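Visitor: I would like a close look at one residue and at what surrounds it. Please define each term once as you go.

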Amino acid sequence: MNKDFNFQPILDGPTIILRPLNKDDFEELYLAASDPLVWELHPEPTRYQRDVFAKNFFAGALSSGSAFVVVDKASGKIIGSSRYYDWDAERAEVAVGFTFLARSHWGGTTNSEMKYLMLAHAFQWAKLVWLHIGTENWRSRRAAEKIGAVFSHVDAKEINGLVRETAFYKIEKEHYSLPTSRFAGGVAD
């Protein structure tokens, strides 16, 4: 198994494309993030504010070298973001998170499609994918369960320099079957 995880491919699905985040994406990504309801259950509920988003989300996402923007194919607009992090080559584990979507794409298949694309890619290297979710973020916890993530435990986790109680969910490659048609997509080189 190759230990060199590819953190920023272009992931192409039926209705969305995940492509690497770049510095020129700030304005359009902030437009998707500027709705207070997107962050109301998040441990950092003020991320809708421009300066907080710039400092506490965008800067870290850009410097991570593993963040994506989510582009709606129909409109061509950026509608959210997600990223890989905490890659452990020895244990073959990675985390997927720092995910948000504009409310226009809640309740449908966008989150599932995004996660399935990311999982299919991750499972080329990883045996286990972690999702770290604020303990009170029930919307995200339910969404994780809808894609097959299993609650593991609650523990303190340092994210962005702050230690918070975090719900850990896991998806194990050996117990997970990726959809064969609904979200079939791939990596575009």
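Visitor: Does tyrosine 176 count as buried or exposed, and at what relative accessibility?

Guide: Tyrosine 176 counts as buried, because its relative accessibility is 15%, where buried means under 20% relative accessible area, exposed over 50% and partly exposed in between, with a 1.4 Å probe and protein chains only. This is a predicted model, in which local features need pLDDT of at least 70 and side-chain atom pairs count only at pLDDT 80 or more, while totals for chains, interfaces and linings use all residues. Residues are numbered from 1 along each chain as its sequence is written, and side-chain values use heavy atoms, with hydrogens and water left out.

Rings of Phe, Tyr and Trp (its six-membered ring) pair if their centres lie within 6.5 Å, and planes under 30 degrees apart count as stacked, over 60 as edge-to-face and the rest as tilted. This rule gives 19 aromatic pairs. In one of them, the rings of phenylalanine 57 and phenylalanine 100 are edge-to-face, because their centres are 5.5 Å apart and their planes stand at 80°. Phenylalanine 57 belongs to helix H3 (residues 50-64) and phenylalanine 100 to strand E5, so this pair ties together parts that are 43 residues apart in sequence; helices (H or I, at least four residues) and strands (E, at least two) are DSSP runs numbered from the N terminus. Both of these phenylalanines are buried.

Tyrosine 176 has an aromatic pair with phenylalanine 123, which is tilted, at 6.0 Å centre to centre and 50° between the planes. Phenylalanine 123 is in the loop between H4 and E6, and tyrosine 176 in the loop between E8 and strand E9 (186-188), so their pair ties together parts that are 53 residues apart in sequence. Phenylalanine 123 counts as buried too, because its relative accessibility is 6%.

Isoleucine 171 also has tyrosine 176 as a contact, although that count leaves aside neighbours within four places in sequence. Contact here means heavy atoms within 4.5 Å. The other contacts of isoleucine 171 include Leu119, Phe123, Leu128, Leu131 and Ile147.

From isoleucine 171 the view opens onto the core. A nonpolar core is a set of buried Ala, Val, Leu, Ile, Met, Phe, Trp, Tyr and Cys residues joined through side-chain atoms within 4.5 Å. The largest such core has 30 residues, of which Leu18, Tyr84, Met118, Leu131 and Ile171 touch the most other members. At least two residues of this core come from each of strand E2 (16-20), strand E3 (67-72), strand E4 (78-88), strand E5 (93-101), H4, strand E6 (128-134) and strand E8 (162-172). H4 contributes the most to this core, with six residues. Another core, of 25 residues, lies apart from it and has Leu29, Tyr30, Ala33 and Ala61 among its members.

Helix H4 (residues 110-122) deserves a last look. Its 13 residues reach 18 Å from the first C-alpha to the last, close to the 18 Å expected at 1.5 Å a residue, the expected span being 1.5 Å times one less than the number of residues. Twelve of the 13 residues of H4 are buried, which leaves the helix mostly covered; among them are Met114, Tyr116, Leu117, Met118 and Leu119.
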